[in-house]
Amino acid sequence: MRRLQHVTAAVRLSSRAGELRTLGAAAAAALIQLPNRRHSHSSSQSHAHSPKWRPVSVLDEWVAKEARPISLRQLMVFGRSLTESRLISSANYVRTELPTRIAHRIRDMQKLPYVVVTNKHFNEVYDLYYTAFDTFRKVREVKNLDDNDRLCATIRTMLNAHLTVIPKLAMGILECNGLKDAAELDKFMNTILRSRISRRVIAEQHLALTETFHAPWFSPGAKLSESDFIGEVFLRCVAKDVVSRCGDAVTSIARRAYGPDLALPEIKIVGHLEANFPYILSHLEYIIGELLRNSVQAVVEKHQKSKNKSAQPPPIEVTICESNQHVIIRISDQGGGIPRESMPYLWSFSKGPASKEILANLGQVPKMAATMQELQIDDINPESNKKIETLHQKYGHQSVQSLSAEEKEREDRAKYSSLASLSSRPPNLRLGMGLPLSRVYAEYWAGSLALHSLEGYGVDAFLQISKLGNKNEQLTTRATMDAV
């Protein structure tokens, strides 16, 4: 009864008709907690909220804390001379940082308009986030290796459970198109995806360090060579090698899409071919893979419409430019450019006229972990998937660290964990997320991604990467409602 009085009072404060639809979720959710009260909204596929939507003081306590951003260099320095005490320190950082970062995003979701938060997909994401928050906040201080192993088991469970988050968020954004300003929805999506990347970085980094510490070849305190991974951070990421490897994967996809006999554009790599930098390999491979995939597809489809189909299509040129602080990778194609009507939606997750097609396609992607390989569809290329699973069983799912002198095994591991599953994504399945998600990845480590289109000719994509690894992760450290 007291809850009904509070809600009634809140509604009476509104002097404008229809303002209930834009009440924050924390207030509006209380309505649907009342007995025998159910609200629906056909256009947003409404769902009854769980009690987790109600504001609780424990969430306020965690929202009062601020996330502590880190840099690639900090990850490298911390893991370079790994000891038991450093591993325990890493565990306690992750133990407190994960619920802090999740709490701020939960509060952001609570501030969405009521008409948006009733969406089925947003509800499911909220439940996943609240479950993760409630789980991690209850983890006690890690004092020994057994405590750490239990934390790692919890982290793995949550990482696996959250593989459904990106498709659900994307479908929620598309279904709510028109119910809230598209620019605001995109801002929310960028914030929550960047935060998601940040949590996976620190979680997977700790899992990888733990695997390293327990590996039979590892000696506590021993320094790793520059050809090695420190956790998830590849110390010497050679741009040319990444482009070449991604190019091979994209070419394989194109052959499956267009047939083995179709002429494909050559991918030429020029410039500073020795340029290298520390980076998280899966992030870079996702960006390069999506850009090359777009270019190959555009060139092939334009060439098929030309009069001389038997001729070799024009090449895609990748130029690598290295300066003191940055590496710039330019991908140039002659695929006809981007249609003018598509330009307003280039970086948007709510794709306007194409939203229905993309929504249907997303329904075929139940899981997506936002790396190059993580659009997986069951029963596609089973032999390849079997080989990947064998490698995963041998080396572990979460990390891509090296095995000391086992150079060949390291190469195989990096290839199959980061690239091979990309070929399991149906070539004709367009999700409309490649470019906006690539830009989220690029900006995460203080880089940038820009496109210049010459309509009728082609596109130049410019990816800028911070070379020194000294830039902090770019994330929203506080909930939007608390931002100054």
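W62, Y126, Y130 and F133 come together in one aromatic cluster. Rings of Phe, Tyr and Trp (its six-membered ring) are taken as a pair if their centres lie within 6.5 Å; planes under 30 degrees apart count as stacked, over 60 as edge-to-face and the rest as tilted. The charged end of K65 sits over the ring of W62, 3.6 Å from its centre; for this, NZ of Lys or CZ of Arg must be within 6 Å of the ring centre and within 35 degrees of the ring normal.

The model is predicted, with local features needing pLDDT of at least 70 and side-chain atom pairs pLDDT 80 or more, while totals for chains, interfaces and linings use all residues. Residues are numbered from 1 along each chain as its sequence is written, and side-chain values use heavy atoms, leaving out hydrogens and water.

The count of aromatic pairs comes to 10. In one of them, the ring centres of F122 and F188 are 6.0 Å apart and the planes stand at 70 degrees, so the pair is edge-to-face. It links distant parts of the chain, as F122 in helix α7 (residues 120–137) and F188 in helix α10 (residues 182–214) are 66 residues apart. Helices (H or I, at least four residues) and strands (E, at least two) are DSSP runs, numbered from the N terminus. Both F122 and F188 are buried, that is, under 20% relative accessible area, with exposed meaning over 50% and partly exposed in between (1.4 Å probe, protein chains only). Y286 and Y441 form a tilted pair, 5.4 Å centre to centre with 50 degrees between the planes. This pair joins helix α12 to helix α16 across 155 residues, and both tyrosines are buried.

Helix α12 (residues 281–304) also holds I288, which counts as buried because its relative accessibility is 0%. Beyond residues up to four places away in sequence, I288 touches V242, V243, C246, I329 and L463, where contact means heavy atoms within 4.5 Å.

Turning to the strands, five of them form an open sheet of mixed pairing, in the order β3-β5-β6-β8-β7; two strands pair if DSSP finds at least two bridges between them. β3 (267–271) and β7 (448–454) stand at the edges with a single partner strand each, so one side of each has no neighbour in the sheet. Strands β6 (residues 326–333) and β8 (residues 458–466) pair in the antiparallel sense over eight bridges, and I328 has Q464 in β8 as its bridge partner.
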